[in-house]
Amino acid sequence: MSTDKIYIFDTSLRDGEQSPGFSMNMEEKLIFAEQLERLGVDIIEAGFPVISDGDFEAVQLISQKVKRAQVAGLARANQKDIESAARALEKAVSPRIHTFISSSDIHIEYQLKKTRDEVLRQAVDAVRFATSFTKNVEFSPMDATRSDRKYLAEMIQAVIEAGANTINVPDTVGYTVPHEFYDLIRYLFENVKNINDAIISVHCHNDLGLATANAISAIHAGARQVECTVNGIGERAGNTAMEEVVMTIKTRSDLMKVHTDINTQQIMPTSKLLTNITGVSVQPNKAVVGDNAFAHESGIHQDGVLKHAMTYEIMRPEDIGITKSKLVLGKHSGRHAVLTRLKDLGYELKQEELDAFFVKFKSIADSKKEIYDEDLIAILGEVLHRREHKWRYAVENVQISTGMSSTPVAVITLKDNEINSESVLDVAHGNGGVDAGVKAVKKITGTTAHIRAFNLVAITGGSDALCEVSVTVEEEYKGKMLKVFGNGMSIDISVAGIVSFVDALNKLDYMKKAGIKQNPYLQDGV
Ligand code: KIV
Ligand code: ZN
């Protein structure tokens, strides 16, 4: 039986990326967009072009590189934003302009300071203007779930008439609950005369932990596009998690009677790539992609799973791209064996990425005897997002001496690619190896940034486990507190910590150069 398709609209690079701590540089956005294509998403929302030069360029670059998926650019309902989105999308094979304005009285009165009639006219004008660049126009009535239903229906009917071919219904503040959202979508189907001329989409936030449930409910009511992010990243408590919606549709195909075109085996690699780029891990018990999602601890469950996996597993780990942890490689493994294993794991790399990967692999295999699949994926994430020559600072060497009754001391060699080509070396004492190393880095760079949080995970077991450190780093800049995450990976905990701090400094440097974003939700003067 053929089933309806649910279009997956990924907004990790827009709604996800705009939330504090998740910002990515251009190259990271491009790498991630390429992975989203591999994953099979239908639409990639690449950014909000008018907001900053960095966003504009990212949308432009992604538009040039992405061939199969549609590329969307966000725009408020005004000519300047829409023109900017249209320019950024000029080279896209399938561009989409996504324009929005609030429809709830609370936003209209207090934020926009307009009347309902004025806002409705503005929405229609914006959609009409957007259609002069492309016929692929999406419209979102922001805060739809707190809007007057009759007015919402009137607005949607008018923008479809003006040419919008996708209507997205956002639960902007994560306020609705599944049965109410179902009713709202049904109401729209029953009260908007031309509703069948557009695809109905939903965009849920997770403030009450209901984003996935609400999206699933909307599908039952007839929505055919879901806006979501990988790992559920996004404003405040995040957005609907892509992996949860996709795996609900797949696992409960008996009930859902719809399908997506997502290659589910790319779910885990995509999730891992994102955590590697942003330095933010998912909680261990996160549905589908958390470390414990397929771990069975209780005796009864273990017994059942050993007898038949489906006794306690509703999804197969391999369906989301989790491979059994096999011992595969070591320091004597040749290039061919390493690259074949990577391919088996679903990674097709370009030549320069393969070269960089192999260099890193060899350096780790020199000190770690057994390299597992998880190690390979971690090395890969590191290589893909940290091409040091493009960053300002590169760690050249870390030498640390610690002991129970001696003062820890670190000698750090760092290269500042901006100031000179010479490496700079400095020494510092500290309370432990990481602290000493961070102090030496501060002496070399003169940074005023400091570490707010420090997180350490071992990727595989054993005393020679590869470990990953992610740090939250803050720095005051032009009266604002900038916050970034940095990450580093090494067999040595102190080295990973120091590398993660330098990674954060690079991100701070990038943020300062790209300009700090305005608040994208600022609608004054639209
Ligand atoms: O949450 C929201 O309302 C949005 C819109 C711009 C779609 O992100
Ligand atoms: Zn949103």
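How many salt bridges does the structure hold? I found 26 salt bridges, counting as one a side-chain nitrogen of Lys or Arg within 4 Å of a carboxyl oxygen of Asp or Glu.

Before going on I noted that this is a predicted model, in which local features need pLDDT of at least 70 and side-chain atom pairs count only at pLDDT 80 or more, while totals for chains, interfaces and linings use all residues. Residues are numbered from 1 along each chain as its sequence is written, chains are lettered from A and ligands numbered from 1 in the order in which they are written, and side-chain values use heavy atoms, with hydrogens and water left out.

**Charged pairs**

I looked up aspartate 15, which forms a salt bridge with arginine 14, the closest N and O atoms being 3.6 Å apart. Aspartate 15 is buried at 0% relative accessibility, and arginine 14 is buried at 6%; here buried means under 20% relative accessible area, exposed over 50%, and partly exposed in between, with a 1.4 Å probe and protein chains only.

I then turned to arginine 252, whose salt bridge with aspartate 254 has its closest N and O atoms 3.0 Å apart. Arginine 252 is partly exposed at 37%, and aspartate 254 is partly exposed at 45%.

I also checked lysine 439 and aspartate 435, whose side chains meet in a salt bridge at 2.9 Å, N to O. Both lie in helix 17 (residues 433-445), four residues apart, about one turn of the helix; helices are DSSP runs of H or I, at least four residues, numbered from the N terminus.

**Domain 2 against domain 3**

I took the bounds from the domain assignment, which gives domain 1 (7-262), domain 2 (299-386) and domain 3 (393-514); such bounds come from an automatic or database assignment. I read that 13 residues of domain 2 are in contact with 12 residues of domain 3, contact meaning heavy atoms within 4.5 Å.

The area buried between domain 2 and domain 3 is about 980 Å², with carbon and sulfur atoms giving 60% of it; buried area is the accessible area (1.4 Å probe) that two parts lose on being put together, summed over both. On the side of domain 2 that touches domain 3, helix 15 (351-367) and helix 16 (373-385) are the elements that give two or more residues, and helix 16 gives the largest share, six residues.
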